[in-house]
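Subject: Structure for your review, with notes

Dear colleague,

Please find below the structure that I promised to hand over. My notes on it follow directly after.

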Amino acid sequence: MKVNRVAQHVVLALAICSLQSQAAEQQEKQSQIEVLEVRGAQIADSGNNLPDIQQGRIFAGKKTSVVELSEQPALIEPNLRQMFATLPGLFVSEQKIPSIYNVNYRGLGDPHESEFVAFYQDNVPLGANMFGYPTMYYMPGAQRIERVEFIRGGSGLLYGPQIGPVVNFVTRSPSAQAETAIVTEHALGSDSMYSTYNEARWAYGDTGFMASFDHRRADGPRQNEDFDVSAGYVGLSYEGFKGIKIGANLDVYSSDSGEAGRLTSAEFAANRELVKTPFNRVKIDQTLASLTYEQRLDELSSLNGKIWYLAMDRFSRRAAAFLPPAAEPTTTNIDEQQFRNLGYDLRYSLVWGDNYILTAGSSGYRGDSPRTQHRSNDIRSDAQNAADLRFEQDRLTTYSALFFENLFRFGNFTLVPAVRYERINYDMVELVRSPGLNRDAIDLDRTYNELLFGLGAGFRLSDHAEIYANVSESYRPQRFDDLINPTSELAGSNDPSLSKALNYELGYRSQVTEKFAFDISFFLIDFKDKIEQIQVNITDIERINSGDSRHQGIELSLQYAFEVTAGHNVTAFANGSWLDAEITRSVNSSLVGNTVSFAPDYLLRSGLTYDGNGLNAALSLTMVGEQYWQDSNRAGGSGANVIDAMIPSYQVVDLSAEYELSNRWSLFAGVNNLLDENYYSRVRTDGIEPAAERTAYFGVRFNL
């Protein structure tokens with residue numbers, strides 16, 4: 001078998017490093033302990049980046065970023081535009097209800113439901129199904145998130161095979177060292193919004209406890225654009241054994257949101273408040289449980305393990321759009337998908353040789369995802385009557401992975417070769433075939449085996465500056481509908497293979513002074529065999545590997561902190577992504593040379609934060625360039641139903657502030673879209689989703 005370029009580099013690096021390590025003298029154990037504890041030598045004051053190694057994951061030689069939410073004023077609904085303000089390149093396709101979260105990066109895929117960005121909570125995957133249905137319907141409450149970790153190139157070798165990056169939400173957790181504390185906050189805002197967050201932390205002996213509850217609701221600017229969200233958490237941490245920490249966590253979540261309908265370009269321009277689907281709803285119920293184990297095995301090694309279980313029910317009731325005086329639709333589709341995922345992650349870290357660190361481990365999960373769809377004559381009812389059953393599917397995925405990564409240090413030079421073996425099996429069957437189809441019911445059992453290589457490198461120019469580079473392989477497994485679409489005939493050639501990509505990154509980061517940090521990188525992604533749906537005839541579709549695309553550009557981030565006067569601190573930040581994403585091969589020759597959809601040529605953010613005399617305030621500006629919403633770079637629809645080809649550029653300003661009245665009482669407030677920009681960033685084939693206009697909130701917090 002032909003060995004690819006990355007594999008050759010990794011094998012060569014491993015061979016060279018092994019020879020050098022055998023010749024090197026052993027350092028004193030204490031220095032090795034220090035490497036493991038402080039996670040390696042890295043540039044000083046690099047608080048905006050992840051450490052070289054953390055919980056069995058090596059981040060050296062990769063582009064990473066960290067957002068400390070504790071340094072920002074309170075956020076109510078997870079406002080991703082503000083939460084990601086200091087993360088260059090993450091594009092948020094906005095909607096006003098919290099039923100779905102839509103993000104993409106560097107033009108990789110439609111941002112719908114964030115299929116090309118892997119979201120995690122405390123290193124547990126949040127997607128409904130990691131591969132068959134990698135969609136985002138849940139996010140922890142913003143008040144509970146301590147920080148956001150963002151990992152680019154090479155992230156696939158740490159968390160899974162995905163082509164895009166990883167966003168990991170690190171939430172507040174129980175601790176046996178925690179002092180007893182109770183927090184309650186309440187806020188009111190636009191569109192009859194009410195939000196509350198409540199948290200208690202305490203410790204007893206060697207055990208720490210934590211519980212929280214949050215609830216938020218709003219009517220929304222349009223009829224049937226309301227939402228109601230409730231979430232709860234309980235957790236404990238036992239630290240009674242020397243060098244061992246055991247944790248148990250349970251999250252429950254429920255949301256009910258209305259979908260008011262999408263608009264044509266003419267409708268958005270004339271009246272963005274139109275309601276075209278007054279009865280459509282999306283409901284999400286989720287339980288996320290995990291058991292964690294952390295052990296310092298000895299002075300040179302550690303073990304991190306996790307078992308997790310995610311149970312999600314996704315329910316939607318959707319009827320066709322209409323506008324009075326037209327008659328209401330006579331039927332509605334009631335779609336229910338259940339996801340039951342049981343997974344594990346086990347990682348071992350060892351300091352060895354001359355200041356080297358090895359990490360090895362395994363992860364896997366088994367996901368059971370049955371789906372049913374009913375077609376009901378009552379467009380206002382959630383009832384799923386047996387007589388209305390349209391189709392039923394059983395979908396089972398089994399996944400396992402083995403991975404090894406080693407951090408080698410030779411003076412100022414760092415080398416990190418990595419290898420990951422993946423095995424995934426799909427076992428899917430149609431129990432009830434959709435009526436009207438001529439094909440046989442599908443019964444599919446398919447297994448894929450993939451070997452991925454990666455190589456990271458770094459060179460310290462000084463104690464405050466570093467050059468880093470990374471090249472890594474990745475792939476995108478097929479989604480359920482790519483293999484077993486329930487509503488189409490599926491042409492005989494419907495058999496798409498995996499999509500694959502090669503990620504390159506070269507960057508320079510520096511803590512120029514104690515107050516000024518700087519990071520710039522150049523990236524290139526070769527995305528091969530993208531899976532798309534094409535129309536074969538009026539009734540038949542197929543999913544195929546339609547072509548390739550190239551994504552290249554520059555990312556830049558700057559941060560400068562200064563003291564205006566004693567006790568009055570200001571931090572200025574700016575970051576940007578300049579992107580050139582082009583279709584380089586396609587089964588449709590007319591697409592070659594087109595700009596990839598949802599790939600704005602620039603995404604710029606800047607802002608100021610102030611902290612002093614009990615006041616914490618943040619002002620941010622987001623600027624997004626124009627972009628196409630289809631790879632064809634053409635308008636959709638016809639006549640009065642046209643959706644313009646281009647999503648116009650837009651600029652949004654957000655302001656938030658928090659004031660500490662005393663040790664126990666605080667006030668907080670914010671204005672989203674301060675200048676009331678009229679814009680949209682989310683478009684589907686059925687229309688435009690208007691982004692939120694100016695909204696405001698005001699709240700109070702009590703600490704005990």
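What percentage of the 704 residues in the chain do buried residues make up? Buried residues make up 57% of them, where buried means under 20% relative accessible area, exposed means over 50%, and partly exposed covers what lies in between, with a 1.4 Å probe and protein chains only. Before going further, please keep in mind that this is a predicted model, in which local features need pLDDT of at least 70 and side-chain atom pairs count only at pLDDT 80 or more, while totals for chains, interfaces and linings use all residues. Residues are numbered from 1 along each chain as its sequence is written, and side-chain values use heavy atoms, with hydrogens and water left out.

Overall form

Taken along the principal axes, the C-alpha atoms fill a box of roughly 80 × 70 × 50 Å. The radius of gyration of the chain is 25 Å, which agrees with the value near 27 Å that a compact globule of 704 residues would have; the radius is taken over C-alpha atoms, and the globule rule is 2.2 Å times the number of residues to the power 0.38.

Salt bridges

Side chains of opposite charge can pair when their charged atoms come close. A search of the whole structure finds 50 salt bridges, each defined as a side-chain nitrogen of Lys or Arg within 4 Å of a carboxyl oxygen of Asp or Glu. One of them pairs K63 with D519, with the closest N and O atoms 3.1 Å apart. This pair links distant parts of the chain, since K63 sits in the loop between β2 (57–58) and β3 (64–68) while D519 belongs to strand β25 (residues 516–535), 456 residues apart, and both K63 and D519 are buried. Another salt bridge joins the side chains of K276 and E267 at 3.0 Å, N to O, and here too both K276 and E267 are buried. The side chains of R682 and E689 meet in a salt bridge at 3.7 Å, N to O, with both R682 and E689 buried. Salt bridges that share partners also join R106, R152, E505 and E555 into one network.

Surface patches

Patches are made of residues with over 30% relative accessible area and no salt bridge, with like charges joined within 9 Å and nonpolar side chains (Val, Leu, Ile, Met, Phe, Trp, Tyr) joined within 5 Å; the accessible areas come from the Shrake-Rupley method with a 1.4 Å probe, and for residues only the protein chains shown count as cover. A nonpolar surface patch of about 560 Å² is made by L291, I307, Y309, L342, Y344 and L346. Both β16 and β17 supply at least two residues of the nonpolar patch, and β17 gives the most, with 3 residues. L346, which is found in strand β17, is partly exposed, with a relative accessible area of 42%.

A negative surface patch is formed by D368, D394, D427, D443 and D445; for such patches Lys and Arg count as positive and Asp and Glu as negative, with His and the chain ends not counted, and the place of a charge is taken as NZ of Lys, CZ of Arg, CG of Asp or CD of Glu.

Backbone details

A cis peptide bond joins P324 and P325, with omega about 10 degrees, and P325 lies in the loop between β16 (301–319) and β17 (332–352). S114 has a positive phi of about 60 degrees although it is not a glycine; S114 is found in the loop between β5 (103–105) and β6 (118–121) and is buried, with a relative accessible area of 1%. N673, also a residue other than glycine, has a positive phi near 55 degrees; N673 is placed in the loop between β33 (665–672) and β34 (680–684) and is buried at 2% relative accessible area.

With best regards

Definitions and conventions: Helix = DSSP H or I, 4+ residues; strand = E, 2+ residues; numbered from the N terminus.
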